[in-house]
Amino acid sequence: MPDFTLDEILAHADRRTLAAVVTHLSGDPDAVPDLRDREQIEAKAAEVLPPYLSGEKTPQPPNDEVLQAAMNHAVGAEVPAAYRQLAREQAGVGPVEPPAPLNPPDGFHVLIIGAGVTGVLMARVLDQLGLTNFTVVERNAEPGGTWYVNQYPGCRVDTPSMLYSYSFDPDPDWPEHFSHQPELLRYVKQTAERSGLNDRLRLNTEVERMMWSEAAGAWLVDVRDTVTGATEQLTAQAVVAAMGILRVPKLPDIPGRETFAGPALHTALWDKSVDLAGKRVGVIGTGASANQVVPAIAPVVDSLVVYQRSAHWMMSHPKYGKVLEGIEKALFQVPTYREWHRFSEGWKFGDGVTPMVTVDPSWPHLDRSVNAANDRMRAQLTEYLESQVGDRPDLMEKCLPNFPPYGKRLIVDNGWYQALRRPNVRLETSPIVEIDEAGVRTRAGHDDLDVLVYATGFQADKVLWPIQVTGAGGVDVTARMEAEPEAYLGVAAADAPNLFITPGPNGILGHGGNGMLFAECHVRYIVESLRLLFERGATAMTVKPEVLSAYQQDLLERLPNFVQSLTTFDNWYRGDRDRVIAIAPKSLLEFWNDTRSPDPEAYAFS
Ligand SMILES: Cc1cc2nc3c(=O)[nH]c(=O)nc-3n(C[C@H](O)[C@H](O)[C@H](O)COP(=O)(O)OP(=O)(O)OC[C@H]3O[C@@H](n4cnc5c(N)ncnc54)[C@H](O)[C@@H]3O)c2cc1C
């Protein structure tokens, strides 16, 4: 801690995080008797920290009692004991037993489709566990997935960067509390490079078809070079489809869409050669991408019309938009501070939220919220909205969502409201009637536009699509997925031996967690599944139909209890379907537990 004194550290540290640090390092569950007493916490920290700051002592994993007290302090509430192991692993306070090496049979080849956050992690973990015979195929020219594809102005995470990081590399020198796309891309690429995957990473290579061969006990996978068009067939005993859930851009079904004469850009298909300076721009959509692109382009365009079908709930975060430097950065070098910060943010962006998303059928205000906690959240978010546009009754009315918080993904405000206040920006809520050569016609009138931006999101229900997957017995797995997307634990599909989809249908969570954590959970599950396969000496494992159908039945029964399932509004979790496809009705703890290891009884081995 060369640049900062102990006093400076204590003065700037977050009170709760510091209380957790003090508890952990002192090894005393009662080290902080009163969490509200900052002075006392600082005094205790001044006693405990010096030998750790000097390197004289190194932190040891806490025992259960100390861990529990530190967890409670970090979040300022009683955290159930069931979260202890999750905290040890994801916060990084340990101890965590590393997985034993895998012992694959000779010639066992794993094909990983996609080199995003998940595919890169999968490859790294297999490599570390001694399963080195794998290939990662990625249709893009670079790894990175989401963070390579989405290059629109303002693109960034709305999960804190210290949380949206792999647990094995949680602090890669993030420059901001919520980093932008170039940094995220750098991080994923750096992970791929540092993991030595590059020789087994085939870029510009798209999987088009795959067929399970009973005779070979393997998938025969047709790939195409996206540059040369050359095709080739690869053989893989197991396939990990890490193709991403926000992959297929969604364009709205508006009459005349093709007739617009100027550039029309989807946020995920951004063309950087289009100069927006001084242009009349229309943005269709008001979700997560719009919240990022609109404030980023509003200052440079001549005029901006934002077409809104529905308003979104937005929260503020004190660190959003702030660089991570100076004392704030130094705090993360204080032993265990980063770990406890990660735990506390993980709780706020995780199961701390679960009580707010569960529908209470006896709640009398189901039109505006789903339970008392959700209603309190609504009041807080409304207060925030008022602080932003309360003096503009026109915006206040248009920006107040008409659905309960968390019904759609909760967005961290990226300066959305302030952008809407700009004199060159207009929020248009009149429905779009058509798009023509010159611009957009709403019921209220016509806007002449030079450029049209589609911030209209993704079709999250396109599982495996457009890969033509033919499973055991010639079953068309892709068509079946299209008709009824189902996968056991969001990973294993019927009639698809040794195929692991990550994430498959209902394979992530909507209220909490983050892409890095979901990837870690699925990757562990897949590793443990492969281990089971090898230990059994089997060629193939396939989820039993009755297990999948019982799992699916349970899921369908539980879905309506979650706010995202209400049908009075739409969201990308459901898309155009009649039920939620993308997310699972589970707590993060349940998701984490479910994916720790496979139940051997759930699979048929051959
Ligand atoms: C704009 C945006 C912001 C986001 N912000 C957050 C956030 O703040 N927090 C959060 O938790 N999550 C966020 N997400 C979700 C994000 O997608 C995940 O966090 C994570 O990046 C998913 O990684 P993945 O590897 O599973 O999928 P992806 O990143 O989508 O990677 C899948 C890869 O598979 C490749 N692929 C697909 N099909 C084929 C094929 N047939 N052949 C070969 N390769 C193929 C794709 O090209 C892609 O590279 C955001 C998503 C978007 C779009």
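**Group meeting: a predicted 606-residue chain**

Pro95 has its place in the loop between α6 (84–90) and β1. The peptide bond from Gly94 to Pro95 is cis, with omega near 0°.

This is a predicted model: local features need pLDDT of at least 70, side-chain atom pairs count only at pLDDT 80 or more, and totals for chains, interfaces and linings use all residues. Residues are numbered from 1 along each chain as its sequence is written.

Let me turn to the chain as a whole. Its secondary structure comes to 20 helices and 21 strands. Along the principal axes, the C-alpha trace spans about 70 × 70 × 50 Å. With 606 residues, a compact globule would have a radius of gyration near 25 Å, and the chain agrees, at 25 Å. That radius is taken over C-alpha atoms, and the globule rule is 2.2 Å times the number of residues to the power 0.38. Buried residues make up 48% of the 606. A residue is buried if 20 or more other C-beta atoms, placed from the backbone, lie within 10 Å of its own, exposed if 12 or fewer, and partly exposed in between.

Next, the ligand. Which residues are closest to the ligand? Of the 31 residues that surround the ligand, the closest are Gly114, Gly116, Gly145, Gly244 and Gly515. A residue counts as near if its C-beta atom, placed from the backbone, lies within 6 Å. α7 (117–128), β4 (205–213) and α18 (515–536) each supply at least two residues of this shell, and the largest share, three residues, comes from α7.

After α7 comes Gly130, whose phi is positive, near 90°.

What of α9? Its buried residues are Gln181, Leu184, Leu185, Tyr187, Val188, Thr191 and Ala192. They cover an arc of only 160° around the axis, which puts them on the same side of α9. The arc is that of the directions from the helix axis to the C-beta atoms. An α-helix has 3.6 residues a turn, so residues three or four places apart point the same way. The buried residues of α9 pack against α7, α8 (146–149) and β3 (201–202).

Finally, some backbone details. Most residues other than glycine have a negative phi, and most peptide bonds are trans. Tyr406 has a positive phi near 75° without being a glycine; Tyr406 lies in the loop between α15 (393–399) and β12 (411–412). Is Tyr406 buried or exposed? Tyr406 is buried, with 25 other C-beta atoms within 10 Å. Leu489, also not a glycine, has a positive phi of about 55° and is found in the loop between α17 (477–483) and β19. Leu489 is buried, with 25 other C-beta atoms within 10 Å.

Technical notes
Helices (H or I, at least four residues) and strands (E, at least two) are DSSP runs, numbered from the N terminus. Two residues are in contact if their C-beta atoms, placed from the backbone, lie within 7 Å.
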